Amino acid sequence: MTSPERVKVVVIGAGQAGLSVAFYLRRFELVADDDFVMLDRAPGPGGAWQHRWSSLRLGTAHRVNDLPGMSELGLSFDTADRNLPAKDVVADYYDRFEQHFDLRVRRPMNVRRVVNDGVDLQVRYEDLAPQPLEEQKAARGLFGRRRKTFEEPAEPSAPQHEINTQFLVNATGTWGSPFVPYYPGMTEFAGRHVHTSDFTDAEDFRDKHVVVVGGGTSAIGFMLELEEVAAGLTWVSRRPIDWLDRQELDLEGASAAVAMQDEAARSGRALPSIVSGTGVPKSRRIAAGIERGLLVARPMFDRIEADRVVWDGDESGMARADVIIWATGFRPDLRHLSPLKLREKAGGITVGQGAAWSDPRIFLAGYGPQASTIGASRAGRMIARQIMAML
């Protein structure tokens, strides 16, 4: 049996946080594929942005801050065409960034587990790229049935790989871990449950009665897109919407939200919602939606029936529903780290200055206060410096 590949650093995730760390590792003269390896589950560059719906434009999305070093390529999101789909612009810029700095991202690679292997960490991952047709035929046998042995699974699996590393940078973000709260009757609902991560096109909901759940910018965006499409549209939120009388989030509000995230990360608690700490700025488009009565959220319903949502004790206590869109956010995607037992009883991982306090070999980029694009860029430099100090 051959020994697994071994490098100094493995970076899991090639979104804004992972690319920022990789940029600074290259600045410290580490070489991709020799000194560090980047593994990304997505089929192409762009991080979570590549999975966003096509109608989401740079002009209506959260501000996307430039990655460190992007100016070397003559690129900036501040000067990009704001009428283009955000997913396309980000994917294009990130692709050019990866090529320019020779990051050699391996994709699509799904990290399944990270385990201890002596002083090293061992990263076990699978190659999600389709197997060549001849290999599939060989695995399945002459008549399309997979040949079985006592050691083989009944169904073919993706090629498995292992790589050992001194340090691990987890930059998996949240897109792979959507959160949907439970409400009575969810399993009896005859319509569709759709999460933000599943939304692709407003036309999918034409002539449907839609209930949008959530108090953030995604929920608001869905309401605006579906206004002329859905047969009926209801917006509900678990908390009152904290409208801000300004076009964009100010520095004070952003700093307060970051401080809340940082305090939770340092104490090992589950991370709070960003929106709950920042509020929602009233752009001209949003202000117009409020004025015409579209963006008025009802309190959260009590239960779900086959074709409706219901508020108990309310005279107008129901809204018809063919679809419920859950714009209820995400949780950090950390399942592959579970063998390392990093999670605290309070529900989170104790992280300070980007490092897991219970294991100095592990860094979490894009976690908590680093989740914004500007926070991720700063964290990249901080994490890379700490790694280099210990190598």
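This note goes through ring contacts, strand pairing, helix packing and backbone geometry in a predicted model.

1. **Aromatic pairs overall.** Searching the whole structure gives 17 aromatic pairs. A pair of aromatic rings is described by the distance of the centres and the angle of the planes.

2. **W175 and F330.** The ring centres of W175 and F330 lie 5.0 Å apart. Their planes meet at 25 degrees, and under 30 degrees counts as stacked, so this pair is stacked. W175 has a relative accessibility of 15%. The cut-off for buried is under 20%, so W175 counts as buried.

3. **Y183 and W326.** Here is a second stacked pair, with 6.2 Å from centre to centre and 20 degrees between the planes. This pair also links distant parts of the chain, its members being 143 residues apart. Y183 sits in the loop between β5 and β6, while W326 is in strand β15. Are Y183 and W326 buried or exposed? Both are buried.

4. **A ring cluster.** Which residues do ring pairs link into a cluster? They are F23, Y24, F97 and F101. F23 and Y24 fall within helix α1 (residues 16-27). F97 falls within helix α2 (residues 86-100).

5. **Packing of α1 and α2.** Two packed helices are described by the angle between their axes and the distance between the axes. For α1 and α2, the angle is about 20 degrees and the axes are 11 Å apart. Angles under 35 degrees count as roughly parallel, which means that α1 is roughly parallel to α2. The crossing of the two helices is left-handed.

6. **R96 in α2.** Helix α2 contains R96. R96 is partly exposed, with 38% relative accessibility.

7. **The β12-β13-β14 sheet.** Strands of a sheet pair through backbone hydrogen bonds, either parallel or antiparallel. This open sheet has three strands, in the order β12-β13-β14, and the pairing is antiparallel. Which strands are at the edges? They are β12 (303-305) and β14 (318-320), each of which pairs on one side only. From one strand to the next, the twist averages 20 degrees. β12 is joined to β13 (residues 308-310) by three bridges. E305 has R308 in β13 as its bridge partner.

8. **Strands β1 and β2.** The pairing here is parallel: four bridges join β1 (residues 5-12) to β2. I12 stands opposite L39 in β2. Strand β2 covers residues 36-39, and its side chains point two ways. F36 and M38 point one way, V37 and L39 the other. All of these residues are buried.

9. **A cis peptide bond.** Most residues other than glycine have a negative phi, and most peptide bonds are trans. Which residues does a cis peptide bond join? The bond is between R107 and P108, with omega at about -5 degrees. P108 is located in the loop between α2 and β3 (109-117).

10. **Positive phi at D33.** D33 is not a glycine, yet its phi is positive, at about 80 degrees. The loop between α1 and β2 holds D33. Its relative accessible area is 27%, so D33 is partly exposed.

11. **Positive phi at D102.** D102 is another residue that is not a glycine but has a positive phi, here about 50 degrees. D102 lies in the loop between α2 and β3, where P108 is also placed. At 30% relative accessibility, D102 is partly exposed.

Key. Residues are numbered from 1 along each chain as its sequence is written. This is a predicted model: local features need pLDDT of at least 70, side-chain atom pairs count only at pLDDT 80 or more; totals for chains, interfaces and linings use all residues. Side-chain values use heavy atoms; hydrogens and water are left out. Rings of Phe, Tyr and Trp (its six-membered ring) pair if their centres lie within 6.5 Å; planes under 30 degrees apart count as stacked, over 60 as edge-to-face and the rest as tilted. Buried means under 20% relative accessible area, exposed over 50%, partly exposed in between (1.4 Å probe, protein chains only). Two strands pair if DSSP finds at least two bridges between them. Axes are lines fitted to C-alpha atoms, for helices over the stretch in contact, and angles run from 0 to 180 degrees between N-to-C directions. Angles under 35 degrees count as roughly parallel, over 145 as roughly antiparallel, 65 to 115 as roughly perpendicular and the rest as oblique. A crossing is left-handed if the near helix is turned anticlockwise from the far one by less than a right angle, and right-handed if clockwise.
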